[in-house]
Amino acid sequence: MKKVVKFGGSSLASAKQFKKAGEIIRSDKSRRYVVPSAPGKRSPEDIKVTDLLYRMYDAAGDQVAYGKIFTQIRARYEEIIEGLGLNLNLEDAYRRMEEGFVHQIGRDYAASRGEYLNGLLMAAYLGYEFIDPAEIIVFHDDSTLDREATEKAVSERLCDVDYAVIPGFYGAKRDGSITTFSRGGSDVTGSVIAGAIHADLYENWTDVSGFLCADPHIVDNPEVIDTITYHELRELSYMGAGVMHEDAIFPVRKEGIPINIRNTNRPNDKGTMIVESTCRKPRFTITGVAGKKGFCSVTIDKDMMNSEIGFCRKVLQVFEDNGICLEHMPSGIDTMTIVVHQTEFLDNEQRIVAGIHRAVHPDQIILEDDLALIAVVGRGMKDQRGTAARVFAALSHEHVNVKMIDQGSSEFNIIVGVKSRDFEVAIRAIYRIFVETQL
């Protein structure tokens, strides 16, 4: 059996956390390939190493500021090395890093050094082979992942390596220049490696015991989801649910590899299994509820709109011409509503309004700002009558006015639009009626 295990920054923030990760890895010989992030925060007031590296890179022309930040970064790693009792000297790595900073070879290079140094440290601690992802994670010139080249390079490089540490978050273009994924990209590295070697399981170790039914900053002690499908995870991640980088789903989904979200601080907790599909019945009608603020809606009214061939296409063309992506598009016989990100829309607002008037000659256009979208997601919703009615009842009880509702044809996702001021109240109301009442 082959497992790829990724540890997030909070799991590797100190020597104490490193020891926990080491115990987890050594307790199961099938945990063969380890993907570490850079050290995260040790306390709420602390600074992530990645953020320190950005600051150090930007301060390269100011020797005093540069030196202070470099001292902080070195101290973080030396503290971990000393706490683990390792005989490890990182001076050569520090020197090479400084050369790159002095020559300003790129902010991606700067950010990647957190994972690189932590990978060297983890490999020394475990006695595993260190593999620089710059050798095997291949990016196109436009900084997008070259999946085919990466899968081939990973497969060939690891075919004769039983145990290895491969830092997350970065790779390289064909010219050798370091390129990173977006923040949280270590999830993607782990997923790509798991897919390329046809792993049996991809374990993602973090500081929570799995994927939660709701945001713990909004709902007190939300329940952990036992099993969630890739599709459900994608919907919830897109709507703001944390834990895992949403792009990490695709490489393992293609291979049918399950993902297990686990808690480094509570390794006996089973966590959440993320799977392609399952016959397991969910504990609750919904799998989870998540949402985001910062949307606005454009409602186009026109009598007999439904009889005009190409009406919707013409409206959408206006948004496309202005480089605006739509989020949702609920419609009626004589109305259609386009929901978009407010920050993108504001700069193009009047051009879009004028463009719609010229394209379809509407009776009126109504704009509404400061909206939040909430996704109620769950495969159990398919077999339950009255799910939408319960959503409305929960919101009505809390005096929340529903501005929009959109249900997908798959019947496992309901999108509700509310004013941003009602966002937290709405999340709690939906969680209460679907989860707390079923406990």
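Contact, in this tour, means heavy atoms within 4.5 Å. The model is predicted: local features need pLDDT of at least 70, side-chain atom pairs count only at pLDDT 80 or more, and totals for chains, interfaces and linings use all residues. Residues are numbered from 1 along each chain as its sequence is written, and side-chain values use heavy atoms, with hydrogens and water left out.

Select Asn260 to begin. Asn260 belongs to strand β10 (residues 259-263); strands are DSSP runs of E of at least two residues, helices are runs of H or I of at least four, and both are numbered from the N terminus. Leaving aside neighbours within four places in sequence, Asn260 is in contact with Leu201, Tyr202, Glu203, Asn204, Lys270, Gly271, Thr272 and Met273. Its relative accessible area is 5%, so Asn260 is buried (under 20% relative accessible area, 1.4 Å probe, protein chains only).

Next, select Glu203, located in strand β8 (residues 201-206). Glu203 has 1% relative accessibility and therefore counts as buried. Beyond four places in sequence, the contacts of Glu203 include Lys3, Arg31 and Asn260.

Now turn to Thr50 and Glu115, which an unreviewed UniProt entry annotates as "binding site". Although spread over 66 residues of sequence, they cluster in space, with a largest C-alpha distance of 8.4 Å. Thr50 lies in helix α2 (residues 49-58), and Glu115 in helix α5 (residues 107-126). Is Glu115 buried or exposed? With a relative accessible area of 4%, Glu115 is buried. Not counting residues up to four places away in sequence, Glu115 touches several residues, among them Thr50, Phe169 and Ser186.

Definitions and conventions. Buried < 20%, exposed > 50% of the residue type's maximum accessible area, 1.4 Å probe, protein only. UniProt positions renumbered as here; feature names shortened; annotations may be inferred.
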